[in-house]
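Let's take a friendly walk through a protein model, one part at a time. Have the picture ready and follow along.

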Amino acid sequence: MDNKSIKKLEADLWESADLLRSGSKLTSNQYCMPVLGLIFLRYAYSRFKKVEAELLKNRPVRRGRVMPIEASDFAAKSALFLPKEAQYDYLVNLPADLSKAELLDCNDQPMNSLGEVVNNAMELVEQQSEQLSGVLPKDYTMFSDELLGELLRIFNNDALDDVGGDVIGRIYEYFLNKFAKNIASDDGVFFTPKSLVKMIVNILEPKTGVLLDPACGSGGMFVQTGDFVNAAGMEANHTMTFYGQEKVDYNAQLCLMNMAVHGLSGVIKSGDEANTFYHDAHNLNGKCDYIMANPPFNVDKVKSESAQSAGRLPFGMPAVNKNKEVGNGNYLWISYFYSYLNERGRAGFVMASSATDSQKRDKDIREGLVNTGHVDVMISVGNNFFYTKSLPCSLWFFDKGKPEERLDKVLFIDARNYYTVVDRTLNEWSEWQLRNMNAIVWLYRGETDRYQALLEDYRCALGEHDVSGRGFSATVEGLEALLTDQRKQAKEAIAAADRKTKKKITAEWDELTAQTEEILTTAKEADWLYSKFGEGEYADVAGLCKVASREEIREKGYSLTPGAYVGVAAAEDDGVDFAQRMQEIHVELLELQMQSGELMDAISRNLEEMGL
């Protein structure tokens with residue numbers, strides 16, 4: 001299944017499921033967890049069928065009969081064993097009148113509704129996994145049998161089995177994303193946008209060891225790390241150990257389900273014991289290879305004495321007010337992320353933009369951080385990257401294992417004007433943009449070979465359109481000319497078509513121009529990168545990136561705001577004579593003023609004629 005097909009499947013499933021929600025009296029908040037639970041159950045069944053087929057291929061035979069498959073066989077394959085009553089096809093194929101089926105749940109109690117049957121299925125799944133105990137939703141009796149049956153049928157789509165968990169994992173994330181837009185919570189955003197998570201993972205490059213997310217929300221950092229490690233040819237569950245803390249129980253449930261859908265295991269603690277301000281729930285201070293997090297910004301009323309006694313504050317406490325409270329928890333988080341790292345650990349996290357330049361005690365803590373030499377990369381991110389908030393943010397990266405030659409350096413990147421618009425309220429980094437940003441970090445680290453490999457990937461992606469030896473700008477020009485020509489041809493072909501063929505011809509030309517637009521976008525990203533760094537030599541680029549020394553940072557009052565270092569990009573010369581254009585604008589203004597006067601006179605005459 002290609003990417004286009006998956007995107008259509010995502011949209012179709014969401015439209016169908018959301019249509020049912022809008023036809024019921026349920027809110028998005030009520031609807032979210034049960035729907036994600038059904039997607040999880042569908043994933044578990046898809047994985048069950050795949051592993052069952054593998055097990056049956058080489059099943060030993062004793063006394064003429066194939067040995068039965070047991071739950072332990074599935075555990076060895078990192079899959080859940082599903083009793084018949086928890087298998088998706090069993091649920092879909094139940095008779096319409098359940099009262100006559102005489103069904104009993106796992107406690108031998110009669111079940112008379114589909115909601116009770118699905119609740120029982122969730123209970124049976126939890127019995128197979130200690131990690132999922134008490135996690136899966138069991139409130140399906142709030143649905144009518146008709147509505148729940150239709151939901152089950154929506155996710156009973158054979159396309160979800162094409163590539164197993166990869167597709168269903170994407171479907172789960174897509175629904176989680178959609179629900180995140182609809183559910184605003186006082187406890188903060190529970191879903192960190194994928195492009196921010198990917199940027200953090202790509203720069204930290206986790207491979208093996210302990211990863212802690214002390215504000216783990218729905219587990220995006222774990223999922224993306226799993227994808228990164230698996231793509232490198234390793235198995236995340238064997239090379240990584242995942243730990244999470246999440247104060248809100250609801251979000252922790254989402255996290256555990258999200259991890260399970262992606263085949264990951266981990267230890268997630270929630271509730272009061274997982275409030276990171278007051279508890280190191282896993283006793284991991286100084287023991288983590290990686291820290292990744294998107295903590296809630298600007299949290300106030302943190303009890304200073306409790307936070308002080310909980311430790312993990314190598315640079316001291318932030319400012320405390322007369323009520324013995326920390327009025328802004330940003331530098332508590334920042335201190336924790338540094339403190340949790342072992343002697344070679346790396347941290348990457350999202351933080352409010354204001355934290356890069358805040359004053360008083362925050363500045364003192366920031367000075368201590370800079371002087372360690374372990375601040376590695378700082379990235380400014382523009383507005384509208386979050387689904388429920390429009391505020392800008394920054395990405396911070398620490399590296400306690402920085403080589404000696406980089407201890408005195410920090411890479412600053414100002415990416416506030418570099419993004420792709422998804423819609424009016426949402427921006428993101430495309431896959432090529434993520435790789436371009438990563439390439440700047442590679443060059444800063446001296447990894448020229450990886451940069452050159454990216455250029456080769458661009459050339460392969462552009463294929464026949466790549467103008468070898470002339471740079472990517474020539475490819476952009478060629479594709480722009482091709483697109484202009486295609487649009488002209490399309491207009492002529494559609495105008496000449498009769499009613500019967502017009503729709504078909506329009507669709508064909510739309511597809512062709514869309515393909516050219518996609519290739520052109522790729523070429524523009526290649527040109528963006530190549531025009532700045534050529535074949536692979538790092539250079540400071542005004543308005544984009546700058547490698548600053550600790551002395552330079554000290555001179556700027558220990559600010560870690562990228563804009564303070566990268567400056568402003570030079571304005572491009574548009575070839576217009578300024579004096580001549582100002583004269584033209586002056587003439588245009590005089591003409592508009594004269595037209596305005598004539599219009600006012602006409603309005604006045606009309607009013608007089610009307611007796612007004």
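Predicted model: local features only at pLDDT ≥ 70, side-chain atom pairs only at ≥ 80, totals over all residues.

Strands of a sheet are held together by backbone hydrogen bonds and can be parallel or antiparallel. Here, nine strands line up as β7-β6-β5-β8-β11-β13-β12-β14-β17, giving an open sheet with mixed pairing. Because β7 and β17 (545-549) each have a single partner strand, one side of each is left without a neighbour in the sheet. From one strand to the next, the twist averages 15°.

| Helix | Strands touched | Angle |
|---|---|---|
| α9 (residues 220-231) | β5, β6, β7 and β8 | about 165° with β6 |

**A histidine in a loop**

Look for H282 in the loop between β7 (267-270) and β8 (288-293). Is H282 buried or exposed? H282 is buried, because its relative accessible area is 13%, and the cut-off for buried is under 20%. Its side chain reaches the backbone oxygen of G244 at 2.8 Å. H282 also touches other residues, including L212, Y243 and K269.

**The cores**

The largest nonpolar core has 131 residues, and F155, F175, I379 and W429 touch the most other members. Helix α2 (residues 28-57) gives the most to this core, with 15 residues. Apart from it lies another core of 42 residues, with F337, V370, V410 and A548 among them.

Definitions and conventions:
Residues numbered from 1 in each chain as written. Heavy atoms only, no water. Core = buried A, V, L, I, M, F, W, Y, C linked by side-chain atoms within 4.5 Å. Buried < 20%, exposed > 50% of the residue type's maximum accessible area, 1.4 Å probe, protein only. Helix = DSSP H or I, 4+ residues; strand = E, 2+ residues; numbered from the N terminus. Polar contact = N/O pair within 3.5 Å; in protein donor to acceptor, adjacent residues only side chain to side chain. Contact = heavy atoms within 4.5 Å. Pairing = 2+ DSSP bridges. Axes fitted to C-alpha atoms, helices over the stretch in contact; angles between N-to-C directions. Lists of a residue's contacts leave out its neighbours within four places in sequence.
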